[in-house]
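Subject: Structure for your review

Dear colleague,

Please find the structure we discussed below. My findings follow it, and I should be grateful if you would read them with the model open.

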Amino acid sequence: MDRRLIFIAGFIVLMFSACKESQPLVGKRLLNQDWEFSQSGTDTWHPAEVPGCVHTDLMSNGIIEDPFYRGNEDSVQWISEKDWAYRTSFRIDEPENAHQAAELIFEGLDTHATVQLNGEVILESDNMFRTYTIDVSDYLTKGENHLEILFHSPEEYNNRQAAKLPYVLPEDERVHSRKAPYQFGWDWGPRLITSGIWKPVYLRFWNQVRIDNAFLKTDKISDEKAVVIADVEVDVIEPVNATIKIFSPEGAFESVSREVSLQRGINKVNLDFEIPEPKLWWSNGLGEPNLYDVHVELLTENGRDLLTERIGIRTIELVQEDDQHGRSFEFHLNGVPVFAKGANFIPLESFPSRLTRDDYESAIRDAVKSNFNMLRVWGGGIYEDDAFYELCDENGIMVWQDFIFACAMYPGDDGFVETIRHEVEDNVVRLRNHASLALWCGNNEIRNGWFDWGWQKRLGYSEEDSTQIWSDYQKIFHELIPEVLGHQDPTRDYWPSSPSYGWGHEEALTEGDNHYWGVWWGMEPFSMYREKVSRFMSEFGFQAFPPGRPLSPSPWKKTGVCSRM
């Protein structure tokens, strides 16, 4: 054969191979268009926005007025007593239909919903904070497809669940739903109990194999290098040989790769890589919040999948040691004790689907200007949007992350505990690579409430009732959450309940963290702050006037994060 022909043939083979490798194994299609909604039981449909919620859709269609204007909050309370239906249609073409796997993914359904695809029930959701992934390969059809979601009244659901118990739980109207507690009203915000598709919904099509997630954890740090362990989880439809590669798009470290033989199901692959002369991540005021972009690539003969992450090289630990004052409670960043300065971060909006990255940028910019170095994501709100944590990474703001439980006791039946397990796993896996994340905390003020707020006496609990309710508390906050963290993020400290002691206890000033509300709630003078100095003041403040703009509460209403070394 002519040498020129051999060269051309070889070149064509190489080009064909390169094209095959560059083909993405995973495709995604947002389903955020052409939605409409209706009050269940009526035949009147209106345009809807997704992501969104029923309150904002009712406002957009002129059916209700702005709940934040004057006394309009009272006039919209009927909304949460009703069921609401949402629907859309979309087409599936032949290339999408040809994929081996088709999944419908809801990043956030609020909250109790029955989902039908082409007339078949594919999901019964019960948790606002979970990501639901449904295999719809057998439900999709080539051509037109119809998706409908019926949101059941959260108030009706809570009433039915409460009636099943032989006792009344504190804050009984909200604790049976895994739903943002603040929506039911708080001392700083309105009662606006929403329903709707509050986060993105999309179809994911893929063939053979895809990266599910990667946990990038720093193992060793020295001036010469940082060793990072990558735990990569890969979802596989059929056995395949692949290469896992980790590299820096900026060339900050040498790439590493590993050839693997993957089997059907979830496969775990471990790789180590080294960052030479690492630039550490520091909090605001101590140094630069240096970050590294890390790409995790999966290659097969049929194509590639790519996961991008951003990490910081640092150590963060909660140090508690006996001393002359009692027992310390302080964060050490890269071995340096940090005087924590900041605030509690409550949701920026009653309707969080309205928030943009600009809103989060404004809030974090204010925190930096105020010389904050820590924010506590308060347990009565929501697990915040990815943008919040990304901005905290970039600006050196450490994050104390509550799980979303606050000021109440919760049921402990198997179904409720199981949905909490999924919720905790979903959010720990989503957030664990963020350099800013400093601490996981089980809940806000529940231990304090149980021992100090008179719940047991006021609600007439028998000894048997109290034993059962406290056992359910321990099941969630001392068994389930630590167990999940042990598997999904053993790199961070866990604090079961904030505060450890209520502000009427002597121990609140000598150990653990403290929520000091003697000023304002307790009617004490401001001068009392000079006397009541805690090891770590994780809440304090004074009720403020509302902000000037016609939005729901300022994120700084629940003020104060500070520590004494």
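Which strand and helices each supply at least two residues of the lining of the second largest pocket? They are strand E11 (184-186), helix H9 (446-452) and helix H10 (455-458). Please bear in mind throughout that this is a predicted model.

The second largest pocket

This pocket has a volume of about 690 Å³. Its lining comprises 30 residues, and those closest to the centre are Asp187, Cys407, Glu445, Trp453 and Trp521. Strand E11 provides the largest share of the lining, namely three residues. Sorted by class, the lining contains 13 nonpolar, seven polar and 10 charged residues.

The cavities

The largest cavity holds about 50 Å³ of space. Its lining consists of Gly52, Cys53, Asp110, Met128, Gln183, Thr194, Trp198, Phe351, Pro352 and Ser353. Five of these lining residues are nonpolar, four are polar and one is charged.

The second largest cavity holds about 30 Å³. The residues that line it are Ala408, Met409, Tyr410, Ile446, Ile469, Tyr473, Ile476 and Phe477. Helix H11 contributes the largest share of this lining, with four residues. By class, the lining of the second largest cavity has eight nonpolar residues, with no polar and no charged ones.

Helix H8

Helix H8 covers residues 414-431, which is 18 residues. At 1.5 Å a residue, H8 should span 26 Å, and the distance of 26 Å between its end C-alpha atoms therefore agrees with that expectation.

Which residues of H8 are buried? They are Phe416, Val417, Thr419, Ile420, Glu423, Val424, Asn427, Val428 and Leu431. Viewed down the axis of H8, these buried residues fall within an arc of 165°, so they line one face of the helix. The general rule is that an α-helix has 3.6 residues a turn, so residues three or four places apart point the same way.

With kind regards

Note on methods. Residues numbered from 1 in each chain as written. Predicted model: local features only at pLDDT ≥ 70, side-chain atom pairs only at ≥ 80, totals over all residues. Heavy atoms only, no water. 1 Å grid on protein atoms, 1.4 Å probe; cavity = no way out; pocket = protein on both sides within 12 Å on 5 of 7 lines; lining within 4 Å. Points joined across faces, edges and corners; volume = space filled by probe spheres on them. Nonpolar A, V, L, I, M, F, W, Y, C, P; charged D, E, K, R; others polar. Expected span 1.5 Å × (residues − 1). Buried < 20%, exposed > 50% of the residue type's maximum accessible area, 1.4 Å probe, protein only. Arc of directions from axis to C-beta.
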